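Good morning, and thank you for coming. Please look at the sequence and the structure on the screen while I describe some of the local features.

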Amino acid sequence: MALYTIYNNLKDKFTPLLKESRFYEAGVLTPEEFVQAGDFLVSKCPTWSWCEGVKEKKRSYLPDNKQYLITKNVPCIKRAKDMEYVDEEMERIVEDEWIETYYQMKKQNIDQVEEIDSDMKKLSVSQNNKEQEIEDLEDLEELEDVMGDGNSNFEIIDDPNELNEDNILKTRTYNISITYDKGYQTPRIWLFGFDENNIPLTPEQIFEDISEDHAKKTVTIETHPHENFSLATIHPCRHANVTKKLVDNMQATGNMEIRPDMALLIFLKFMSSVLPTINYDFTISLEK
């Protein structure tokens with residue numbers, strides 16, 4: 001792992017800084033485009049924000065106050081193994097399974113909506129000739145009378161302190177950050193997870209929330225480029241290729257222009273197939 005980190009550091013150090021846009025040609029970003037895409041993401045989804053990082057690790061090609069992006073306390077209710085359909089969809093494409101997964105998931109959602117709409121059309125509403133007049137309820141005692149003593153599912157809690165932790169769903173949560181990888185000229189995602197008791201997850205536990213095709217294959221533990229601690233990160237070697245194919249597909253089928261400042265929204269969309277149970281918001285519109 002040490003040699004792998006050294007290789008990445010050397011690649012980052014000696015790769016020339018990209019100054020001219022090659023977003024449409026190769027799916028990569030200049031630092032300026034990364035900042036523009038970050039601003040667009042923050043404006044569309046305020047749960048994301050910019051971070052400065054530690055002073056000694058600041059990149060001169062990025063603004064001091066916009067070194068990387070972060071969103072915190074993202075829920076993760078299930079483990080990736082519970083989402084077996086993702087792996088099945090990934091087998092359908094040889095070169096870039098992420099793209100096929102995203103579009104198949106989207107198609108499934110559309111089919112479900114159409115099925116529900118079809119069922120709704122079969123429903124009919126019968127009108128009762130005797131209209132029941134509902135009187136205004138002046139206080140909670142009248143409400144209790146209306147509900148009836150035998151309704152065990154309805155309970156009025158006078159003191160909010162009576163709610164206990166047993167009634168609260170505890171889940172894993174993640175802090176997710178996005179950095180600019182100079183070596184690969186793409187965004188790069190980093191994960192820091194907590195269990196149900198707010199205890200940091202081990203690398204093995206984090207791998208449980210990553211799709212089986214990527215856990216321990218494209219995911220490594222490395223030092224964060226802007227902080228002094230190590231995190232799980234998804235290697236960006238294929239990010240540019242996937243981004244380009246998604247952009248080409250969206251522009252060909254979506255009747256809309258995809259701009260470089262939309263790059264992080266696209267990035268988060270295809271990353272959702274790698275992190276199928278970490279529920280960050282990847283459904284935001286690509287339109288201003």
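Helices (H or I, at least four residues) and strands (E, at least two) are DSSP runs, numbered from the N terminus. The model is a predicted one, in which local features need pLDDT of at least 70 and side-chain atom pairs count only at pLDDT 80 or more, while totals for chains, interfaces and linings use all residues. Residues are numbered from 1 along each chain as its sequence is written, and side-chain values use heavy atoms, with hydrogens and water left out.

I begin with the backbone. Most residues other than glycine have a negative phi. Gln185, although not a glycine, has a positive phi of about 60 degrees. Gln185 sits in the loop between strand S3 (172-181) and strand S4 (186-194). Is Gln185 buried or exposed? With a relative accessible area of 14%, Gln185 is buried, where buried means under 20%, exposed over 50% and partly exposed in between (1.4 Å probe, protein chains only).

Asn73 is not a glycine either, and its phi is positive, about 55 degrees. Asn73 belongs to strand S2 (residues 68-76). Asn73 counts as exposed because its relative accessibility is 57%.

I turn now to a pair of helices. Helix H3 (residues 31-44) packs against helix H9 (residues 263-271) at an angle of about 75 degrees, and their axes are 7 Å apart. Axes are lines fitted to C-alpha atoms, for helices over the stretch in contact (heavy atoms within 4.5 Å), and angles run from 0 to 180 degrees between N-to-C directions. H3 is therefore roughly perpendicular to H9, a term for angles of 65 to 115 degrees.

Note on methods: Angles under 35 degrees count as roughly parallel, over 145 as roughly antiparallel, 65 to 115 as roughly perpendicular and the rest as oblique.
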